Amino acid sequence: MSDTPAVRAVAAAGIAHEVVTHGPVRSLAEAAVARHVEVHDLVKTIVVRRGDDDYLFVLVPGGRVISWPKLRTLLGVNRLSMPDAATAKDATGYERGTITPFGATTAWPVIADERIVGRRISLGGGAHGTGLTLAADDAIAALTATVADVTDPEPAR
């Protein structure tokens, strides 16, 4: 399904993009292959809860995880959490695995990890098997995202 609120929002913002559709994937590496990008260019959108009905989106490049101390320092807060899947869907309008700031039901603030700057990235497209490939700088500008160092390398398994 390529007609999603996310796809429509990116088009309405005038951002040059490609919609990539693919079948089910079981890992970040499989998703990167399906979307024709490197793992570090596959950007996960993580919903973070600051307080009651107060969320934000964090754009995390593949192979990295949120650094909670860095994010708390940036936001000037002592506590952050990740909502459960149902709460995230209520806050964004998207199911986990499809979440993107584009076309979300609420325009929550966006924090983009600095490592995506200047790259061509793939974000969730608002439906399973749908990705949006676009210039990270265009996404950052359209979302008025704050760019900062908010991630750490994914721990080795």
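## A bridge pair in the sheet

V48 has L56 of β3 as its bridge partner. The model is predicted. The two strands involved are β2 and β3, the latter covering residues 54–61. They run antiparallel and are joined by 8 bridges.

## The open sheet

Strands of a sheet pair through backbone hydrogen bonds, in parallel or antiparallel fashion. Here, 4 strands make up an open sheet, and the pairing is mixed. Their order is β2-β3-β5-β8. Which strands stand at the edges? They are β2 (43–51) and β8 (146–148). Each has a single partner strand, so one side of each lacks a neighbour in the sheet. From one strand to the next, the twist averages 25 degrees.

## Chain layout

The protein chain holds 5 helices and 9 strands. Along the sequence, the pattern reads α-β-α-β-β-β-α-α-β-β-β-α-β-β.

An unreviewed UniProt entry annotates residues 22–138 as "domain: YbaK/aminoacyl-tRNA synthetase-associated". That span is 23% helix and 30% strand. Its end C-alpha atoms lie 24 Å apart.

## Overall dimensions and packing

How does the radius of gyration sit against the globule rule, and why? A compact globule of 157 residues would have a value near 15 Å; the protein chain has 14 Å, so the two agree. The C-alpha atoms fill a box of roughly 40 × 35 × 30 Å along the principal axes.

Of the 157 residues, 44% count as buried. Among contacts between residues at least 6 apart in sequence, 62% join residues at least 24 apart. The accessible surface comes to about 7,700 Å². Carbon and sulfur atoms account for 51% of that surface.

Notes. Residues are numbered from 1 along each chain as its sequence is written. This is a predicted model: local features need pLDDT of at least 70, side-chain atom pairs count only at pLDDT 80 or more; totals for chains, interfaces and linings use all residues. Side-chain values use heavy atoms; hydrogens and water are left out. UniProt positions are given in the numbering used here, feature names are shortened, and annotations may be inferred rather than shown by experiment. Two strands pair if DSSP finds at least two bridges between them. Axes are lines fitted to C-alpha atoms, for helices over the stretch in contact, and angles run from 0 to 180 degrees between N-to-C directions. The radius of gyration is taken over C-alpha atoms; the globule rule is 2.2 Å times the number of residues to the power 0.38. Buried means under 20% relative accessible area, exposed over 50%, partly exposed in between (1.4 Å probe, protein chains only). Contact means heavy atoms within 4.5 Å. Accessible areas come from the Shrake-Rupley method with a 1.4 Å probe; for residues, only the protein chains shown count as cover.
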